[in-house]
Amino acid sequence: MTLTEGIAKLGLTLPSGAEDRLAAYLVLLAKWNKVYNLTSVSSPDEMVTHHLLDSLVVLPMLEKSALAGRHFSLADVGSGAGLPGLVLAIARPEWTITSVEAIEKKAAFQRQVKIELGLTNVSIHCGRIEALESRFDAVIARAFASLADFVGYAGHLSDCLWAMKGGYPADEIAALPAGWHVTASHELHVPGLKAERCLLQLGRN
């Protein structure tokens with residue numbers, strides 16, 4: 001599955017130059033991964049499906065929650081190598097993305113990506129999520145923690161949390177703390193990836 005094919009299968013329209021930037025991101029990721037072990041996925045083809053397309057697949061749902069006619073501020077917590085935050089920043093340069101990652105080598109990689117790809121809509125916070133005091137329109141996390149922990153770590157940042165998960169996490173939903181509930185659930189289909197994926201939107205009661 002090529003990146004161009006995957007974007008077409010997702011039905012996405014990306015701005016001029018975005019696909020080249022996404023390809024350049026993968027080149028940097030592969031280069032850094034040899035030294036810093038940023039991801040267990042090392043095959044370039046798998047990086048397209050497991051990282052780029054797996055991040056881009058959530059774009060339609062996020063766009064529906066974004067308020068029209070104004071900037072949309074999104075925080076990606078526990079962002080690792082910048083997934084999905086940096087990918088979304090490339091796909092939607094009019095959004096403001098804050099990437100939060102506590103591990104310095106991963107944050108350093110993200111800073112390098114920001115510089116080399118000229119991502120002016122991205123800010124990178126290296127530190128604990130709990131220490132961040134800003135507010136955002138929404139927060140997203142990919143394979144980060146249980147839903148209860150996600151709410152505990154990031155609930156102060158926004159009233160709208162998006163959790164990217166594998167299979168539908170019924171047990172985690174049942175364990176959500178008081179004051180939070182699932183407001184929407186979306187089954188995701190990532191081109192070229194034969195694995196369960198879902199996106200949950202969490203909101204306050």
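Asn37 counts as exposed because its relative accessibility is 54%, where exposed means over 50% relative accessible area, buried under 20% and partly exposed in between, with a 1.4 Å probe and protein chains only. This is a predicted model in which local features need pLDDT of at least 70 and side-chain atom pairs count only at pLDDT 80 or more, while totals for chains, interfaces and linings use all residues. Residues are numbered from 1 along each chain as its sequence is written, and side-chain values use heavy atoms, with hydrogens and water left out. Helices (H or I, at least four residues) and strands (E, at least two) are DSSP runs, numbered from the N terminus.

**Loops and backbone**

- Asn37 lies in the loop between H2 and H3, and its phi is positive, about 50 degrees, although it is not a glycine.
- Ala143, in the loop between S4 and helix H7 (147-154), also has a positive phi, near 50 degrees, and is a residue other than glycine.
- The relative accessible area of Ala143 is 70%, and Ala143 is exposed.
- Leu83 is joined to Pro84 by a cis peptide bond with omega near 10 degrees; Pro84 sits in the loop between S1 and H5.

- H3 covers residues 44-56, which is 13 residues, and spans 17 Å from its first C-alpha to its last. This is close to the 18 Å expected at 1.5 Å a residue, the expected span being 1.5 Å times one less than the number of residues.
- Buried residues of H3 include Met47, Val48, His51, Leu52 and Leu56.
- Two packed helices are described by the angle between their axes and the distance between the axes.
- The axes of H2 (residues 18-36) and H3 come within 11 Å and cross at roughly 125 degrees. That makes H2 oblique to H3; angles under 35 degrees count as roughly parallel, over 145 as roughly antiparallel, 65 to 115 as roughly perpendicular and the rest as oblique.
- Axes are lines fitted to C-alpha atoms, for helices over the stretch in contact, and angles run from 0 to 180 degrees between N-to-C directions.

**The sheet**

- Seven strands make an open sheet with mixed pairing, in the order S3-S2-S1-S4-S5-S7-S6. Strands S3 (122-126) and S6 (180-188) are at the edges with a single partner strand each, so one side of each has no neighbour in the sheet. From one strand to the next, the twist averages 20 degrees.
- Two strands pair if DSSP finds at least two bridges between them.

- S1 (residues 73-77) is largely enclosed by the rest of the structure, because five of its five residues are buried.
- In a regular strand the side chains alternate between the two faces of the sheet. In S1, Ser73, Ala75 and Val77 point one way, Leu74 and Asp76 point the other way, and all are buried.
- S1 runs parallel to S2 (residues 96-101), to which five bridges join it. Ser73 has Thr96 of S2 as its bridge partner, and Asp76 stands opposite Ser99 in S2.
- S4 (residues 138-142) pairs with S1 in the parallel sense over three bridges, with Ala75 opposite Val139 of S4.
- A right-handed β-α-β unit is made by S1, helix H5 (residues 85-91) and S2; a crossover is right-handed if, with the strands pointing away from the viewer, the path from the first strand over the helix to the second runs clockwise.
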